[in-house]
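Please look over the sequence and the model below before reading on.

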Amino acid sequence: DDQIERERVSQHLSGGCCALAAVYLLGKFYVANAGDSRAIIIRNGEIIPMSREFTPETERQRLQFLAFLRPELLGKEFTHLEFPRRIQPKELGKKMLYRDQNMNGWAYKKIEEDDLKFPLIYGEGKKARVMATIGVTRGLGDHDLKVFSSNIHIKPFLSCFPEVRVYDLTQYEHCPDDVLVLGTDGLWDVTNDKEVASVVMEVLTSYEPNDPCRYTMVAQELVVRSRGVLKERGWRLANDKLGSGDDISVFVIPLGGPGNYT
């Protein structure tokens, strides 16, 4: 993240990205995630999550707590409090549900002038945004990112520190069909864990266990199925729902060892 910041000046580069990495070391997989990519292990048909997405919803309390400690980051345009919906000026003095950085549940408060400001976190699910700007809360770069038509920087709310999970391969006997799947959000936006596991099993069983290309074919099939087919109404999946409009990158890594490829 520091290197990206230096190159921003020296090479006039801007922008940012999420990051998902897997490192194999001394019999263990270390999976580090910063952003909304995802990693899962499929072992004997069982799904084992190896990451979680970092979004405005999953990191609500961290973001609110930072805004509470440093209200100057909000530029007098936003409030760190969360409400079920936008508040109208005519509702001043009335009571409404809210929650702050210390609350999991909701309580009532009397609406004040400051509560009319735009909420720090607004929207639900994939539409949730920090300061109505960005939908992920961890990643690399984005040092220049600002709220539209303002001088309010988003970077203080974005963390470059990943969450790391460890999987000990020595604790289990792995067969050639046990894999680690790494995918960007373009995959997971339209394909859930169970559907990914189903594709993995379907494709792997159509190849010999010692065929090294079988894992590449799984990755390719996951990309194709998540993108869908281009029709008059855009990219469509087999069930006619919208296909992924985001970038889709997938790695499928066997856990059963290199095997005896002949």
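Into which domains is the protein chain divided? In this predicted model, domain 1 is made up of residues 1-52 together with 162-254, while domain 2 covers residues 59-141. The C-alpha centres of domain 1 and domain 2 are 32 Å apart.

Where domain 1 and domain 2 meet, 14 residues of domain 1 are in contact with six residues of domain 2, and the area buried between the two domains comes to about 800 Å², with carbon and sulfur atoms giving 56% of that area. Between domain 1 and domain 2 there are also two salt bridges, and three residue pairs are in polar contact there. Sorted by class, the side of domain 1 that touches domain 2 holds six nonpolar, three polar and five charged residues. Elsewhere in the list of charged pairs, the side chains of Asp-189 and Lys-126 form a salt bridge with an N to O distance of 3.0 Å.

Across the whole structure, a search finds 21 salt bridges, among them the pair of Arg-8 and Asp-144, whose side chains meet at 2.7 Å, N to O.

A second salt bridge to follow is that of Asp-193 and Arg-38, where the N to O distance is 2.6 Å. Asp-193 is found in helix α4 (residues 193-204) and Arg-38 in strand β4 (residues 38-43), so this pair ties together parts that lie 155 residues apart in sequence. Are these two residues buried or exposed? Both Asp-193 and Arg-38 are buried.

Another salt bridge joins Asp-177 and Arg-214, with the closest N and O atoms 2.8 Å apart. This pair links distant parts of the chain, since Asp-177 sits in the loop between β13 and β14 (179-183) and Arg-214 in helix α5 (residues 214-227), 37 residues apart. How do the two partners stand in accessibility? Asp-177 counts as partly exposed because its relative accessibility is 21%, whereas Arg-214 is buried, having a relative accessible area of 1%. Finally, salt bridges that share partners join Glu-5, Arg-8 and Asp-144 into one network.

Note on methods. Residues numbered from 1 in each chain as written. Predicted model: local features only at pLDDT ≥ 70, side-chain atom pairs only at ≥ 80, totals over all residues. Heavy atoms only, no water. Domains from an automatic or database assignment. Contact = heavy atoms within 4.5 Å. Buried area = accessible area lost by both parts, 1.4 Å probe. Salt bridge = Lys/Arg side-chain N within 4 Å of Asp/Glu carboxyl O. Polar contact = N/O pair within 3.5 Å; in protein donor to acceptor, adjacent residues only side chain to side chain. Nonpolar A, V, L, I, M, F, W, Y, C, P; charged D, E, K, R; others polar. Helix = DSSP H or I, 4+ residues; strand = E, 2+ residues; numbered from the N terminus. Buried < 20%, exposed > 50% of the residue type's maximum accessible area, 1.4 Å probe, protein only.
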